[in-house]
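Please read it alongside the sequence and the coordinates.

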Amino acid sequence: MSEKKSKKEKLADEIEQEELNILDESDETTEENVTEDTLTEDQAKILELENKLDELESRYLRTQADFDNVKKRHVAELDAKQKYRSQSLAQDLLPALDSFEKALATKAEHEEVKQILKGMEMVYNQILVAFEKEGIEVIPAVGEQFDPNFHQAVMQDSDENEASNEITAELQKGYKLKDRVIRPSMVKVNQ
């Protein structure tokens, strides 16, 4: 802003100097001979230049504010992108996790099948550990109160031993990434 004020001052000094030059050139004439038209034209020009300068300064400040807003929005988008970078991968892996859980729920009678299931359980646990490192966690369901932000009710139950609006069964696990729900839990809710 000090640069802009100095520009105004420079313009005013230049105009004042021009007026003095006009007066110096006409030593024989007195101040009374200087017409009012010359002064008013110069004053009008000064006002016009000051208005232009104010307009340009205002435009500059608006442009600067717009730039700052775009910069802040860009930083926020980059932060969100970094924070939720693993969301699409997690969404693609969730059906595989569901299949692992179904396979691990089977009962094995033969020793070979038990060994295969043990290997599958190790892989399943490694995936869960990788999910934890990325901030992906299972949404708790059974025994919790129904919350439409985290649970999707697909069935109703009428168990007198359970509290009203309590989740009695989980049909499909839900997952969240930090504070964002990737997939809500599909649950059975008591009336």
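Are Phe100 and Tyr124 buried or exposed? In this model, which is predicted, Phe100 is buried, and Tyr124 is buried as well.

**Aromatic pairs**
- The count of aromatic pairs comes to two; in one of them the rings of Phe100 and Tyr124 have centres 6.3 Å apart and planes at 45 degrees, so this pair is tilted.
- Phe131 and Tyr175 form an edge-to-face pair, with 6.2 Å from centre to centre and 90 degrees between the planes.
- Because Phe131 lies in helix H4 whereas Tyr175 lies in strand E4 (residues 174-177), this pair ties together parts that are 44 residues apart in sequence; both Phe131 and Tyr175 are buried.

**Charge over a ring**
- Arg180 places its charged end over the ring of Tyr84, at 3.7 Å from the ring centre.

**The open sheet**
- An open sheet is formed by three strands in the order E2-E6-E3, with mixed pairing.
- Strand E2 (151-157) and strand E3 (167-172) each have a single partner strand and stand at the edges, so one side of each is left without a neighbour in the sheet.
- From one strand to the next, the twist averages 30 degrees.
- Strand E6 (residues 185-190) pairs with E3 in the antiparallel sense over four bridges, and Ala169 stands opposite Lys188 in E6.

Technical notes:
Residues numbered from 1 in each chain as written. Predicted model: local features only at pLDDT ≥ 70, side-chain atom pairs only at ≥ 80, totals over all residues. Heavy atoms only, no water. Phe/Tyr/Trp six-rings, centres within 6.5 Å; stacked < 30°, edge-to-face > 60°. Buried < 20%, exposed > 50% of the residue type's maximum accessible area, 1.4 Å probe, protein only. Helix = DSSP H or I, 4+ residues; strand = E, 2+ residues; numbered from the N terminus. Lys NZ or Arg CZ within 6 Å of the ring centre and 35° of its normal. Pairing = 2+ DSSP bridges. Axes fitted to C-alpha atoms, helices over the stretch in contact; angles between N-to-C directions.
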